[in-house]
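Here is my note on the model you sent. Please read it with the structure open.

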Amino acid sequence: MPMPTPSSRKIVVLSGGRLVRLIPPSNAGIFHLLNHRLPSSPQAASAEFLTLLDLTSRLYLPIPSPQALLIRSILSHLHLEILKRTRSPSSTFNFQSASIGNLFLTGARLFSGSFESAIYLFAIIGGVDESRTAVLPAIVSNFTHHISAALEDGTVITGQNAISHPSAPTALPESPTAVVHSTTADEPHAPSYPPDVSNYQPIEDATLPGSLPTLRPSFLTASKSHEPPLPSPIHRIWYINPYGQEMHPSPNPNAVSAIRGSDAVIYSIGSLYTSLAPILILNGVGEAVEPGPRFKVLILNGSLDRETGGYSAADFVKAVVECLEGSSSRLRGNRSGPSIADMGALWARGATDVAAVVRKYITHLIHIDHPTAPAVGREVLASWGVECMRCYGRKGEDGKMRYDEKGLGQALGVILGRRDGKEKGERSRRNTITD
C-alpha cells in the first residue's frame, strides 16, 4: 500500500496492496479505469469487458487517446489468450468482479513474458513518479504460486481464496471444501479429495494435469460478503506447488537488496496471512530485515477479518515475528523453520529474551484506537521493546475504520525522526514497495 510519506530516507513498504493507489490525482481518468471492477454478474461483467475492447466504454472518455489505445491493446491481447484457452462449457473465463487493473497487469505479463515489465508498463500508463517510487514483486516468476494454511487444530486449508474469502455456498453445486485434517500442522501435506471433485473439469484447461481440484479455475471464486469464521486460529502459512507439495520459493533478489539497503521497512495494512505473510516467509527475507533497516514499523489493521478473528496487536506481532524467524531459519538450513514447540517456548520466556527476538523484526507499531480495531496492550508490547503510536482514523462506507492518510504519513514521519512528520530542506529519495 503506498504511503504519502515524502522522505529523505530509503523506505521499503512490504505490502500485498494494489498498485493503482500509486497513480497520482493528475491521472484521475486512468486511476478510475484501472481501479474499476466489473459487475458481480458473470454475463454483465463479460458484456462490460467487451466495451473496453471496442472503445465504447465511458471509462475511456477522460483518458487521452494514446493511453486509451495502449490499454485497449493490452486487454485485447489478454482476451486473445483467454479465447485460446476456452473449452466451453467446462473451461471458460469468468470476468465476475474482475479488477481492470489486475486484468491489465495479466495481459501485460502475458505480452512481455515478465511480471516486472508488466509493473513497469503499469507505472508508465499511470504516471507513477519512478524517481521517488520503485515497485518490486516479491517473487519473479511467470508461474502461479499457491499457499496453504495450517490451523492450530490440525486443519489444513489449501488456496488463498479458501483461506481468506471462501466461496459462498451457492458458488458451486455441492462442492467440497478445500479443507483436510491432519494430526501434525508442521509437516508438508498432500490433501485428498472425493473422487467426484475432478468431474467439474472434464475438458482440459490451462491448469497442469494432476493439479489440486481447489486450485483449478472453477474453484477460485471468492466471496467477501460470506466469510464464516475459521474453526481455529492460523498457525502456519507455506507455499505449495499445483500438486499440493510444500515448496520454498526464493524472493526477488532486487527486493531483498532493497530491504537490506533501506533505512526503514514498513509492514503495511492488508490481510495478515494471505497478503503479508507470503512475502515474509520467502527464504532469506528475515535475514535481510534483521540487520538492515533501523526502523521496522508494523501498521496494524483498522479492523479484524476472517484470518485474524479475536487477534490482539500482540498476536499480529507474534505472527510477523514467526514468519520472519521461519524465513531466517530455513536459510540457515532448517527446512521447515521453527517448530510449534520452539515458537511456543519463545513466547513463554522472560520479556528480555522475547524482546531480543521481536526487535530484530519490529521496533514500532502504529494503530487506531477503536472498538473494531485489534486491542493494543501497550504494556506487553513495551516489554517486548515495541513502541506504540496511535493514529487518527475515519469510518469507511462499510462501517470499518480506515487510517487518515495524512495522519498516517505524519505518524510515520515522527517515527523516522522528522519533526511533526515533516522535513525541511532535504531532498526526497525513492521509496520502494515490495508487492
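This is a predicted model: local features need pLDDT of at least 70, side-chain atom pairs count only at pLDDT 80 or more; totals for chains, interfaces and linings use all residues.

1. Length of α5. Helix α5 covers residues 115–126, twelve residues in total. At 1.5 Å a residue, it should span 16 Å.

2. The buried side of α5. Which residues of α5 are buried? They are Ala118, Ile119, Phe122, Ala123, Ile125 and Gly126. These residues cover an arc of only 165 degrees around the axis, so they sit on the same side of α5.

3. At the start of the helix, look at Ser114. One of its side-chain oxygens comes to within 3.3 Å of the backbone nitrogen of Glu116. Just after α5 comes Gly127, with a positive phi of about 70 degrees.

4. His364, location and burial. His364 belongs to strand β10, which runs over residues 364–368. Is His364 buried or exposed? Its relative accessible area is 11%, under the 20% cut-off, so His364 counts as buried.

5. His364, surroundings. The side chain of His364 makes a polar contact with the side chain of Thr363, at 2.7 Å. Set aside the neighbours within four places in sequence. His364 is then in contact with Phe295, Lys296, Val297 and Leu298, with Val386 and Glu387, and with Ile415.

6. Backbone at Leu55. Most residues other than glycine have a negative phi. Leu55 is not a glycine, yet its phi is positive, at about 65 degrees. Leu55 lies in the loop between α2 (42–53) and α3. Its relative accessible area is 34%, which makes Leu55 partly exposed.

7. Backbone at Ser97. Ser97 also has a positive phi, of about 60 degrees, and is not a glycine. Where does Ser97 lie? It is in the loop between α3 and α4. With a relative accessible area of 30%, Ser97 is partly exposed.

8. Please look at both loops in the structure.

Definitions and conventions: Residues are numbered from 1 along each chain as its sequence is written. Side-chain values use heavy atoms; hydrogens and water are left out. Helices (H or I, at least four residues) and strands (E, at least two) are DSSP runs, numbered from the N terminus. The expected span of a helix is 1.5 Å times one less than its number of residues. Buried means under 20% relative accessible area, exposed over 50%, partly exposed in between (1.4 Å probe, protein chains only). The arc is that of the directions from the helix axis to the C-beta atoms. A polar contact is a pair of N or O atoms within 3.5 Å; within protein, one must be able to donate a hydrogen and the other to accept it, and residues adjacent in sequence count only if both atoms are side-chain atoms. Contact means heavy atoms within 4.5 Å.
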